[in-house]
Amino acid sequence: MQSSNGRGPLSGMKATGAATEDVRQYILDHEIPLRRRTDGDRTPTILQYGAFVGSVIEHHAALVRAMDRARAHITAMEEGNRSVASGTVIIADSLSGSRGRFARSWFAPAGGLWGCLIHANTLLPESRRFLSLATGVACCEAIRQAGADDARLRWVNDVLIGGKKAAGFLIQGFSGPRHLDAYDLIGFGININNRSFPDELQNSATSLAEEVGHPVDLHYFTAVFLAKLTWNLGLLYFEEANDLRGDGFSGRNGEHLLLEGWKELSDTIGRRVVFGQNVFEDQTAEATVTGLDDDGGLRLRLDDGSSLALQSGEIRYRD
Amino acid sequence: MVHEIDFDEILGKYRSDPYDYIDVCATHTGLVRCLVPEGGEVAAPSGEWLHIPGTVLYEITRERNSKFVTSHTNGTISSIHAELDGRFVEAGEKLMTIRHPMKKKEIIENILKEVLFLFPAPERAKYFFSLDIQSRIEKKGARAVTINAGDEIITMSLMKRDTPIYYDGEPGVIYSVYFRPGISVSQGDPLIGVCAPEKLPLIQKIITRVKADWDAEQ
């Protein structure tokens, strides 16, 4: 990808997709200098915590669903008495049977970044609950890095550019069938160079290329996204360790660094929203967003003056 | 979980004292200020999503962060540790007790909880039956749905992370459902109560007996 602000392509990037060494190289060349400016000496520690991301990167020309491939991979590894590498990333050029939450269809033709990250669940529940937020922050940062400076997060982790959705995530728990090890399968779908959408998504979906006005180097973007995931998932472990030591969180006023990052990228707070478990099918209600709770829940003020913390479900903007 | 019930003893207990006594303990260490008097009435959370908090019971302050703790049930403050008011307390220290008047349905559920296998919530989250279980419940009703260990029965939903929950108890029918879609369940609270087929007559006996005794009392 060519860019005027030094966001150049990785040297020696493979034609078939980003490899682990490409992600590492991007982190060394770009991520560490960038983070040092804001996070100083803690930068290497956070990146070490997140270094499992992209430990193995598996690339496919086509899959039905990346999540299914991840489950099959875990099952096969366990049956072969082998360990699954946490951070394994499965990427496909296109998916033929992808879907979002509530079995919603997700259009995944060639040109987008479609895949799944296998995270061996080693986080405490208090940290694990931030996985969704961390994934959204990572994607929003990567999209901005690639030129869409106005990309914003809509709670929980929808990435919008100009109010249209450019990326979505689906996180599912999975237990290995033999050893019952717990995994989080972090599914990601990011519209990069795919510019056509089904009729029902024409007004609500967009792609990075459409927004920046030129094709984007998909391999480069993959490395950037995985580097941002390295940082943001690393934050979960870093802050968990701080808290367990009794040091509290590291953000301003003792706030969790991930929540601080989420707030900087989101335009949700202060918005008028409709909310529900499934805003397209369930009974919904309207409210005004007043803030984000320490546990990542969305604080809403209802029209009768009462407040509600949304821990699950989804929102759509009304204003 | 018990297999036999001494109805006379249990019903006698509920007849003589039809209340549940709920201890309210300090949520964490801190300076406590009690905000309800002994004998005072307290209200439970209300609203469509139980989002309107119950009566404020006490304020606890740690490192200049104050938190107001509210009642999770309705009732009367039956006792209060007034000597702790204005003092620094440890996490878990008992501050007061709420006497909650029990309804017939709650009494039946309390007795059933001693007989049913209770399947607990692994995390504080929202819970939904899995698609397969939900469709079977819609067709036949929960009490006609048999589940076995290893069945995917529930989806835990938290911050857009959905985790399938697998049943790990004894085979049986879903007799009681303790969660409502859209309402968060605390970690450890029961999600469902499962009854082994051979215990169904016992369950029916409990319900019939409580209803008969209670209605006769009224």
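Buried means under 20% relative accessible area, exposed means over 50%, and partly exposed lies in between, with a 1.4 Å probe and protein chains only. A:Glu255, at 18% relative accessibility, therefore counts as buried. This is a predicted model: local features need pLDDT of at least 70, side-chain atom pairs count only at pLDDT 80 or more, and totals for chains, interfaces and linings use all residues. Residues are numbered from 1 along each chain as its sequence is written, chains are lettered from A and ligands numbered from 1 in the order in which they are written, and side-chain values use heavy atoms, with hydrogens and water left out.

Start with confidence in chain A. The pLDDT, the predictor's confidence in each residue from 0 to 100, averages 90 there, and 93% of the residues score at least 70. Residues 1–16 of chain A fall below 50, yet beyond near neighbours in sequence this stretch has 37 contacts in the model. A contact means heavy atoms within 4.5 Å.

Next come the domains, whose bounds are taken from an automatic or database domain assignment. Chain A splits into domain 1 (20–244) and domain 2 (268–317). Their centres, taken over C-alpha atoms, are 25 Å apart. Across the boundary, 12 residues of domain 1 of chain A are in contact with 19 residues of domain 2 of chain A.

Return now to A:Glu255. Its place is the loop between helix 7 (218–244) and helix 8 (257–265) of chain A. Helices (H or I, at least four residues) and strands (E, at least two) are DSSP runs, numbered from the N terminus. Leaving aside residues up to four places away in sequence, A:Glu255 touches A:Glu239, A:Phe249, A:Ser250, A:Glu260 and A:Lys263. A:Asn253 also sits in the loop between helix 7 and helix 8 of chain A. A:Asn253 is exposed, with a relative accessible area of 84%. Its phi is positive, about 55°, although A:Asn253 is not a glycine.

Other backbone features deserve a look. Most residues other than glycine have a negative phi, and most peptide bonds are trans. A:Leu180 has a positive phi near 60°. A:Leu180 lies in the loop between strand 6 (164–175) and strand 7 (182–190) of chain A, and is exposed at 62% relative accessible area. A cis peptide bond, with omega about 5°, joins A:Trp155 and A:Val156. A:Val156 is in the loop between strand 4 (152–154) and strand 5 (158–161) of chain A.

Turn to charge pairing. Side chains of opposite charge can pair when their charged atoms come close. A salt bridge here is a side-chain nitrogen of Lys or Arg within 4 Å of a carboxyl oxygen of Asp or Glu. The whole structure holds 29 of them over all chains. One of these joins A:Asp68 and A:Arg71, with the closest N and O atoms 3.1 Å apart. Both residues lie in helix 3 (residues 66–79) of chain A, 3 residues apart, about one turn of the helix. A:Asp68 is partly exposed at 36% relative accessibility.

Another salt bridge pairs A:Asp319 with A:Arg271 at 2.7 Å, N to O. This pair links distant parts of the chain, 48 residues apart: A:Asp319 is in the segment after strand 12 (314–317) of chain A, and A:Arg271 is in the loop between helix 8 and strand 8 (272–276) of chain A. A:Asp319 is exposed at 53% relative accessible area. A further bridge, 3.3 Å from N to O, connects A:Glu286 and A:Arg272. A:Glu286 is in strand 9 (residues 285–292) of chain A and A:Arg272 is in strand 8 of chain A, 14 residues apart. A:Glu286 is partly exposed at 33% relative accessible area, and A:Arg272 is partly exposed at 22% relative accessibility. A network of salt bridges links A:Arg154, A:Asp158, A:Lys165, A:Arg316 and B:Lys160.

Chain B has 4 helices and 15 strands. Its domains are domain 1 (19–101) and domain 2 (104–217). Their centres, over C-alpha atoms, are separated by 29 Å. Here 6 residues of domain 1 of chain B are in contact with 5 residues of domain 2 of chain B. Buried residues make up 41% of the 218 residues in chain B.
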